[in-house]
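Here's a quick briefing to read alongside the model. Have the sequence and the 3D view open as you go.

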Amino acid sequence: MESLASQAKPAAVLWLAGFLQAARLHRVISFCASSRPLSIRIAQCFLLNGFIFLGSLLTLKSVVIPILLWILPEQCDRLWRQNLCDHTAAVATYSFLRSGLVQIFYVFWFYPLYIFSFIISTLWYGDIAKHALAVVKSKKLDASQALDSDTHKTSVSADRPEGFDGVAIGVGEQVYSILLLTIFFAEVTMIGYIPYLGKVMNFLLLSLMYAYYCFEYKWNFFTVSLNHRLDFFESNWAFFAGFGIPCVLPIFFFSPLTSYGVMAILYPLFVMTAAGTEEEQAIDELKPTHGGKLKRIPLFFVAKRLTTQVLQLFPEAQKEQ
């Protein structure tokens, strides 16, 4: 019990710090003002996911469905010919036609648009992170941050060989990371089906997962080794849980398609916020405040074991690992 109480304060302090770092959306304005390509990508992202995708959903619910309800009413007293009320088959046919037309709208417009938006947005997120990090690197917002960034970069990548071997290790880490996060996402999804506590655990783990996604662009940019980033993430899980909370909130307030559209708009903003966050410095500065070291939680333990098992099925991949 004492051990749990001793962890409560550092967890709460770091969680709040992560949340406040994510809320610093004024960085987005600074980044966009400093980079025209970044501003264009953000505008394209808002146009695709906001105006086109969410606009289509709004049009469906506000225009298309009401028109269908007017043409094919669901209540008997609204039928044009009252004698049709005597035929229950007519009402059932109207309902079938109405739901069928809505499903056709989904199949031939929304689902293809969702796939297209997901693929294009994923590519754009990489560009947004690259341009934002280029701004961070070029501006050198202050001398201490620049020094921390340079030291951080050389220290974590010093053990990576140069040339082809370094490229091979980088590619191997990317493959391992993709597989690891895919398994972790499946794990988080299954946890959501646990009765009572499942939804809460799913929300917390999704917050951590999206925070990792936001910072992964930065860690890749500065060639942070996979072992270092996983160790740092698990050691400071409360900070990243707080950072990821704002990103996953739409899931619990909107329908799946609407929440995707909202998150597709918000996600690049948090990627830019992560790009401007000096996470190691922020966490170190809080150590005197909470007076204790947060215990590491092996969040990726199961995902690591399963990823290793999968890679063992491929001798070449196992050899590279």
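This is a predicted model: local features need pLDDT of at least 70, side-chain atom pairs count only at pLDDT 80 or more; totals for chains, interfaces and linings use all residues.

Residues are numbered from 1 along each chain as its sequence is written, and side-chain values use heavy atoms, with hydrogens and water left out.

**The core**
- The largest nonpolar core has 79 residues, and Phe240, Met272 and Phe300 have the most contacts inside it. Such a core is a set of buried Ala, Val, Leu, Ile, Met, Phe, Trp, Tyr and Cys residues joined through side-chain atoms within 4.5 Å; buried means under 20% relative accessible area, exposed over 50%, partly exposed in between (1.4 Å probe, protein chains only).
- Helix H4 (residues 88–139) is the top contributor to this core, giving 12 residues. Helices are DSSP runs (H or I, at least four residues), numbered from the N terminus.
- Setting aside neighbours within four places in sequence, Phe240 is in contact (heavy atoms within 4.5 Å) with Ser207, Leu208, Ala211, Phe215, Trp219, Phe232 and Phe233.

**Aromatic rings**
- There are 24 aromatic pairs in the structure. Rings of Phe, Tyr and Trp (its six-membered ring) pair if their centres lie within 6.5 Å; planes under 30 degrees apart count as stacked, over 60 as edge-to-face and the rest as tilted.
- Tyr125 and Tyr267 have ring centres 4.9 Å apart and planes at 65 degrees, so they're an edge-to-face pair.
- Tyr125 sits in H4 and Tyr267 in H10 (residues 256–275), so this pair ties together parts 142 residues apart in sequence. Both tyrosines are buried.
- Tyr212 and Trp219 also pair edge-to-face, at 5.6 Å centre to centre with 70 degrees between the planes. Both of these are buried too.
- One aromatic cluster includes Tyr212, Phe215, Trp219, Phe232, Phe240 and Phe300.

**H2 against H3**
- The axes (lines fitted to C-alpha atoms over the stretch in contact, with angles from 0 to 180 degrees between N-to-C directions) of H2 (residues 26–34) and H3 (residues 36–71) come within 5 Å and cross at roughly 120 degrees.
- That makes the two helices oblique, the label left over after roughly parallel (under 35 degrees), roughly antiparallel (over 145) and roughly perpendicular (65 to 115).
- Phe31, Cys32 and Ser34 of H2 meet Arg36, Leu38, Ser39 and Ile42 of H3.

**A buried glutamate**
- Glu279 lies in H11 (residues 279–290), and at 4% relative accessibility it counts as buried.
- Beyond neighbours within four places in sequence, Glu279 is in contact with Phe215, Lys218, Trp219, Phe232 and Phe239.
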